Amino acid sequence: MVLHKHTGRRLGLKYSILGILMLWATSVFAAGSWTPLEKDGIHDPESPAVRVLQQPREALSVLPDDTAGNMVHWVRALQEGYINPRTNIMPETKIEVLDLDVIMPETSEMPLVLFPHRQHTEWLDCSNCHDKIFKQKAGETPVNMFAVLQGEYCGQCHGAVSFPLTECKRCHSVPRNKVPR
Amino acid sequence: MKITMKILLGMIATIHQTIQAAVLTVIVALLFVEAPVVQAEYADVILNKRSEREGMRPVIFPHWFHRIRFRCKVCHHELGFEMRAGANDMTMEQITEGKFCGMCHDGEVAWSVENCDLCHSGRRGLESRIVGGHETLGPGAW
C-alpha cells in the first residue's frame, strides 16, 4: 500500500515534469514564429507605428517555410518567384550574377563546404564580399569556424540576417568521400 | 519514542516534498520568464546612436520587410550601408537630403521622412544592435 502510494507520487511527478517540458517547448516554438510587433519586445507598444506597420505574420506566412531565422527559405522564395525584390535603384548600376561553386576543403572532420556564388550574387553585389571579407582567389582567405561564430567572414551575414549558424549541413554539404572533381 | 520517530520522519518527508515542489516551481517560473525574451523578428536592427539623445524613439529597421522588396545589394552596395549594425554613422539631415534611408523614403518609393513615428518606433532605452532568434554576438563585433 505504502509502496503503491509512493510509486503513484513518483509517476505524478514524472508526468508533471513531462507536461511542463511540453508546455515550454510549445512556448519556445511559438516564440520562433512571427510575434506581433506590439509584443516583440523592441517596438514601443505605445507607438502609433504598431497599428500601421505590416505584421511579420502577414508577409512571411505566405513564403516558403524554413526551420530557422525568419522561418522563411529566402533563397527558394526568390528562385520560385514568390518575391521579386528590386536589384537596383540607380539605372546605371551593373547587375552581376556569377554561377560558380567553390569548395572549401579545410573543414577538419566536418563535410566540406560548398559555397554557391549564384545564390549569393542574386542577393548581393560582388563588392559586398570582395575584397573586404574574402579575397578573390579561392583558398587565400583564412576562414575558420571560431571567427565565423564571432561574426566574421560568413558569420557577418549568417547568424545575423541570412540563415543562422545552427544549420551546419547547409554549408557543410559535401561528404569527404564524394568531392566533385 | 516510536511516535516521536514517526512524527520526525513525517516532518522530514513533508520538508522533502516542499523543497521538491519549491524547486519545481522555480524551474517552471524560470522557463516561462526566459521564454519571451527574444521575440523580435530575426535580423531586426535597432538604431539608437542619436535618436534618443535627440528626443526620439529608437529606429527599428526590419530586414524581413525590406528584403521582400529589395535585394541586399540595393542598400549594401548602392546606398552604402555597411554590413555591421552600428557601423553606419548617419544623421537625419543626411536622410532628408536623400542619402541612406532617404534614397527611398522620399514620399515616392516609400513614405517620406515626415512620418517620423513609423521608423522611430522602438522602446526607449534600447541599444543599437541586430536582434533575432539566432545571432552572432562576438565580443566587440558590433
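Predicted model: local features only at pLDDT ≥ 70, side-chain atom pairs only at ≥ 80, totals over all residues.
**The interface**

The size of an interface is often given as the accessible area lost when the parts come together. Between chain B and chain A, about 5,500 Å² is buried, and carbon and sulfur atoms give 60% of that area. Chain A contributes 71 residues to the contact and chain B contributes 52 residues.

Two salt bridges are counted between chain B and chain A. One pairing is that of Arg57(B) with Asp44(A). On chain B, the side that touches chain A draws at least two residues from each of α1 (2-34), β1 (44-47), α2 (63-69), α3 (72-78) and α5 (116-119). By residue class, this side of chain B comprises 29 nonpolar, 11 polar and 12 charged residues.

**Asn88(A)**

Asn88(A) counts as buried because its relative accessibility is 18%, and the cut-off for buried is under 20%. Leaving aside residues up to four places away in sequence, Asn88(A) touches Thr93(A) and Ile95(A), together with Val74(B) and Glu78(B) of the partner chain. The side chain of Asn88(A) also reaches the backbone oxygen of Met90(A).

The distances for two of the pairs named above are as follows.

| Pair | Atoms | Distance |
|---|---|---|
| Arg57(B) and Asp44(A) | closest N and O atoms of the salt bridge | 2.8 Å |
| Asn88(A) and Met90(A) | side chain to backbone oxygen | 2.8 Å |

Terms used
Residues numbered from 1 in each chain as written. Chains lettered and ligands numbered in written order. Heavy atoms only, no water. Contact = heavy atoms within 4.5 Å. Buried area = accessible area lost by both parts, 1.4 Å probe. Salt bridge = Lys/Arg side-chain N within 4 Å of Asp/Glu carboxyl O. Helix = DSSP H or I, 4+ residues; strand = E, 2+ residues; numbered from the N terminus. Nonpolar A, V, L, I, M, F, W, Y, C, P; charged D, E, K, R; others polar. Buried < 20%, exposed > 50% of the residue type's maximum accessible area, 1.4 Å probe, protein only. Polar contact = N/O pair within 3.5 Å; in protein donor to acceptor, adjacent residues only side chain to side chain.
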